[in-house]
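Student: Could you walk me through this structure, one feature at a time? I would like to learn how to read each of them.

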Amino acid sequence: MSPDSSGTPSAKSLVDTAVAHYGRLGWPKPRLALISGSGLSVDLGTPLHPPVSLGEILGQAVHGIEGHPLRVEIVEVLPGHPVLYFRGRVHGYQGHPPALTVLPVRLAAALGATGILLTNAAGGVCPERQRAGDLVLITDQINLTGTTPLLGDLPAEWGPRFPIMVDAYDHGMRRLALAKGRGLGIDLEEGVYAGLLGPAYETPAEARMLNLLGAHLTGMSTVLEVIAARQMGVRCFGLSLVTNIAATAEADHEEVLASGRAAALKVQRLLGAMLADPALYV
């Protein structure tokens with residue numbers, strides 16, 4: 001791999017290595033990608049090949065946390081439409097640089113995926129309208145992580161140096177989710193997601209600040225992945241599970257995972273219905 005001036009592998013070399021590892025697996029090129037959040041790794045479709053570890057497919061040593069199995073599959077819900085499924089993700093608070101946290105997104109885009117679905121566990125910052133267990137479609141985001149995957153000298157073929165983030169979350173994918181949710185009897189809210197670095201949970205003052213900024217949800221992922229995806233012209237869909245109301249009670253990672261397990265069937269049914277619809281792949 002070609003390092004940058006600091007000796008760290010460049011973003012392009014990370015992607016080139018991951019593409020080469022993917023090619024050696026002999027898997028088909030995906031039409032879509034899916035990244036699951038904390039406790040939200042659900043079974044979807046028919047695996048076309050045995051799963052591999054995230055580190056193997058990326059060609060990078062990565063370490064996970066509980067609730068993120070860090071396995072990768074290529075699955076089909078709709079025949080002839082392979083989906084690259086990342087069961088879990090890595091986070092900036094683990095010490096991974098932005099280029100590595102968004103590597104699954106960049107790999108999917110480099111392989112030809114035109115859309116990506118991202119799920120996450122989030123804290124709600126609107127206690128008057130939210131409760132634990134709500135599923136929320138992300139309509140927009142606020143990046144408060146203090147960093148971006150656009151740092152450095154990136155290849156021109158990845159997209160514009162200054163990508164436009166208006167309509168970062170695809171309207172058509174959201175409409176499809178709402179329609180499938182109605183058909184399945186699954187209630188879906190909509191809201192703005194604020195991404196922070198973490199891993200500390202929000203103080204009451206921080207939760208009030210996020211509410212004043214226009215956020216409805218907060219978490220420690222997703223925003224950097226969406227920035228990278230939109231730079232590369234990939235449509236994005238975001239689904240948050242509200243696991244707790246931020247800063248109103250004690251919260252811990254086990255509570256997040258428990259909420260994920262409780263909501264897993266709803267998430268599985270919704271994503272399965274979406275992935276079975278040809279309209280999602282257009």
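Student: Which residues is Ile57 in contact with, leaving aside its neighbours within four places in sequence?

Tutor: Contact here means heavy atoms within 4.5 Å. By that criterion Ile57 touches Ala18, His21, Tyr22, Leu25, Trp27, Val52, Val72 and Leu84, once neighbours within four places in sequence are set aside. Before we go on, a word on the source: this is a predicted model, in which local features need pLDDT of at least 70, side-chain atom pairs count only at pLDDT 80 or more, and totals for chains, interfaces and linings use all residues. Residues are numbered from 1 along each chain as its sequence is written, and side-chain values use heavy atoms, with hydrogens and water left out.

Student: How many residues does the largest nonpolar core have?

Tutor: In soluble globular proteins, nonpolar side chains tend to be buried together. A nonpolar core is a set of buried Ala, Val, Leu, Ile, Met, Phe, Trp, Tyr and Cys residues joined through side-chain atoms within 4.5 Å; buried means under 20% relative accessible area, exposed over 50%, and partly exposed in between, with a 1.4 Å probe and protein chains only. The largest core here has 50 residues, and those with the most contacts inside it are Tyr22, Trp27, Leu54, Ile57, Val72, Leu84 and Ile116. Helix α7 (residues 223-231) gives this core its largest share, 6 residues. A second, separate core of 29 residues includes Leu117, Val267, Met274 and Leu280.

Student: Is α7 mostly covered or mostly uncovered?

Tutor: Helices (H or I, at least four residues) and strands (E, at least two) are DSSP runs, numbered from the N terminus. Helix α7 is mostly covered, with 8 of its 9 residues buried. Among them are Val223, Glu225 and Gln231. Helix α4 (residues 103-110) has 7 of its 8 residues buried, so it is largely enclosed by the rest of the structure. Arg106 is one of the buried residues of α4.

Student: What is the phi of Thr222?

Tutor: Most residues other than glycine have a negative phi, and most peptide bonds are trans. Thr222 has a positive phi, near 75°, though it is a residue other than glycine. Thr222 sits in the loop between β9 (217-219) and α7, and is buried at a relative accessible area of 1%. Leu70, also not a glycine, has a positive phi of about 55°. Leu70 lies in the loop between α2 (54-58) and β4 (71-76) and counts as buried at 9% relative accessibility.

Student: Which peptide bond is cis?

Tutor: The bond from Gly198 to Pro199 is cis, with omega near 0°. Look for Pro199 in the loop between β8 (189-196) and α6 (204-212).

Student: And the whole chain: how many helices and strands are there?

Tutor: The chain has 8 helices and 10 strands. Its radius of gyration, taken over C-alpha atoms, is 18 Å, close to the 19 Å that the globule rule gives for 282 residues, so the chain is as compact as a globular protein of that length. That rule is 2.2 Å times the number of residues to the power 0.38. Of the 282 residues, 53% count as buried.
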